[in-house]
Amino acid sequence: MLKLLVMLSLSMPLVLISGGWHLVHVILYFMTFLFLSMGVVSYLWGYLAYFMGCDVISYGLILLSFWVCALMVMASQSVKTSRYYSSGFLFMVMFLLLMLYLTFSSTNLFLFYLFFEGSLIPTLFLILGWGYQPERVQAGMYLLFYTLFASLPLLIGLFYVYSEVGSLFIPFMGKMESVGFTGLLYLVLVFAFLVKMPMFLVHLWLPKAHVEAPVSGSMILAGVLLKLGGYGLLRVFNLMSTLGLKFNFIWVGVSLVGGCLVSFVCLRQTDLKALVAYSSVAHMGLVLGGLLTMSYWGVCGSFTLMIAHGLCSSGLFCLTNISYERLGSRSLVINRGLMAFMPSMALWWFLLSSANMAAPPTLNLLGEISLLNSLVSWSWVTMLGLALLSFFSAAYTLYLFSYSQHGKSYSGMYCCGGGYVREYLLLFLHWVPLNLLILKSEPTLLWI
């Protein structure tokens, strides 16, 4: 099966040259189900080679990458109909998928770094090539320089670890407390992933990138690229747990306070996309807080919420794009009373908004419950931040839903517009895994 996956990946350029948009789309779904059937359900590295290997965390995130990339092609029908470099677009999506697959399956820290940075290139091209406004150049520069500024010290830190340990092969490294680890080296190894999450204070690149990116760029940014930071932290803290226990309280505090502040920012947004983007920062603050407690509940909860947020946030970006294609604006002043304009879409707005505020039976609820467990057991003081974060995440999601669906419609809207079958299917494929995964939650909670 692994050979078949590799053969399908290598045949993609030929398919792209022949211009088969729908063929690529079908092959992406086929690869997803093929990978799903390979099911890695073990803490140990399966399919292990010197180059690639999956454990259960890698497996979940690779599966999410396949799924979101297939949905990206489905959401970007306007690129195909306008024939705006559609082959180039497909190539960028496939190249990004390849980089993500290699990042999550790398067993060598240097290769992980290489592909981690490699995923930046196609994302940048998606924003610059298929973005909407002229400000996309500035957004691309923010994305590039925030990430590269934090990543170069990480590379130097990895070289230092290699000189001390003699290997960067993760299964061989064990705990690295014997290495001369200092606070500076800890900062160097962790900071790049905090920027990628993004943690509050280094998050400004994310709303800009989201607002200027096309729908596919927003989907992959929210769905998978933010999870690279969490995945990197899980791998690095496995190797330096003692220093983590010593210094992590700083980042937990920043992420919880930052999550509350970002929630206030959400309540003042008038741009649909910016609101969803800032809500991603708030949710990632919660993920980061739970992950840095380094408890079992924290790791499980952060992994679960990463998967759930990837599907939920991607679906909300699809909905904002559907409204944008009809009305030509993302402003909440114009996107009012959509329940009268597109009644059938109001159900999907409700379902994905309720998932965003972690209502049952979504996977978000499972993730948030275990993150609350981990943070409160880590320190009682976090209860205040968590209470505010949970309350305001419900508040801004309700604000998003009620403002966009209810009220008096904009006078420029003069007809009732339905959705296409493709759009309903797209939203359905976001929502179904989000609600069904909670029924089989052993792999997401790592109870294996």
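Tyr85 sits in the loop between helix 4 (77-82) and helix 5 (86-105); helices are DSSP runs (H or I) of at least four residues, numbered from the N terminus. This is a predicted model, in which local features need pLDDT of at least 70, side-chain atom pairs count only at pLDDT 80 or more, and totals for chains, interfaces and linings use all residues. Residues are numbered from 1 along each chain as its sequence is written, and side-chain values use heavy atoms, with hydrogens and water left out.

**Exercise 1.** Decide whether Tyr85 is buried or exposed.

*Solution.* Start with the cut-offs: buried means under 20% relative accessible area, exposed over 50%, and partly exposed in between (1.4 Å probe, protein chains only). Tyr85 has a relative accessible area of 61%, so Tyr85 is exposed. Now look at the backbone: phi of Tyr85 is positive, about 50 degrees, although Tyr85 is not a glycine.

**Exercise 2.** Work out how helix 17 (residues 343-356) and helix 19 (residues 382-405) are oriented to each other.

*Solution.* Axes are lines fitted to C-alpha atoms, for helices over the stretch in contact, and angles run from 0 to 180 degrees between N-to-C directions. The two axes come within 9 Å and cross at roughly 170 degrees. Next, compare with the classes: under 35 degrees is roughly parallel, over 145 roughly antiparallel, 65 to 115 roughly perpendicular, and the rest oblique. Helix 17 is therefore roughly antiparallel to helix 19. Contact means heavy atoms within 4.5 Å; among the residues making it are Trp349 and Phe350 of helix 17 and Tyr396 and Phe401 of helix 19.

**Exercise 3.** Now classify helix 10 (residues 183-196) against helix 13 (residues 241-266).

*Solution.* Their axes are 11 Å apart, at an angle of about 50 degrees. Helix 10 and helix 13 are therefore oblique to each other. The contact includes Tyr186 and Val190 of helix 10, with Phe247 and Trp251 of helix 13.

Key
Helix = DSSP H or I, 4+ residues; strand = E, 2+ residues; numbered from the N terminus.
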